[in-house]
Amino acid sequence: MAGKDDKLTYEIARDLLPRLQGYLREQLSKLLGRLDVGENVEIEIIDLLSEHQSIRKWMQFLNINTNRERLFEGLGGKPSPSISSSDIWVCRRSDCNYTLPVIQAGESAPNCKFHDAITMILANQKKG
Ligand SMILES: [Zn+2]
């Protein structure tokens, strides 16, 4: 289980890096540099990204345990929050599950990683 989460955390960190600015980008870039030389920086990445409200919400949607949950959640877990949200980008294609967090309100829609020419829409605009 831990291995799978590790991989997802690193994957989202790499996906998010180009979209971040300032402090978050700088810090995440450093952590990814440490990852590249073999360090385990998963917890630090999650803690860093958790500082951003909509990224934290998105990570919870992806079932990545943020710090608060690690500390306070008991056994069993809980259902992930609903995807019907104005904080999460989703692919327009109904067969695609790729999502990204909104980094800044009003930002232009990113493209889906798997469907290059397709701009993403907010989760609360996706039908069906
Ligand atoms: Zn897609």
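Mentor: Let's start with terms: helices are DSSP runs of H or I with at least four residues, strands are DSSP runs of E with at least two, and both are numbered from the N terminus. By that rule the protein chain has five helices and three strands. This is a predicted model, where local features need pLDDT of at least 70, side-chain atom pairs count only at pLDDT 80 or more, and totals for chains, interfaces and linings use all residues. Residues are numbered from 1 along each chain as its sequence is written.

Trainee: What makes Ile 45, Ile 46 and Leu 49 buried in helix α3?

Mentor: A residue is buried if 20 or more other C-beta atoms lie within 10 Å of its own, exposed if 12 or fewer, and partly exposed in between, with C-beta atoms placed from the backbone. In α3 (residues 42–50), Ile 45, Ile 46 and Leu 49 are buried, so each has 20 or more such neighbours.

Trainee: How do you know that they are on the same side of α3?

Mentor: They cover an arc of only 95° around the axis, which puts them on the same side. That arc is taken from the directions from the helix axis to the C-beta atoms.

Trainee: Why are β1 and β3 said to pair?

Mentor: Two strands pair if DSSP finds at least two bridges between them. Two bridges join β1 (residues 88–90) to β3, so they pair by that rule. Trp 89 stands opposite Leu 122 in β3.

Trainee: What makes β2 and β3 edge strands?

Mentor: The open, antiparallel sheet has the order β2-β1-β3. β2 (99–101) and β3 (121–122) each have a single partner strand, so one side of each is left without a neighbour in the sheet.
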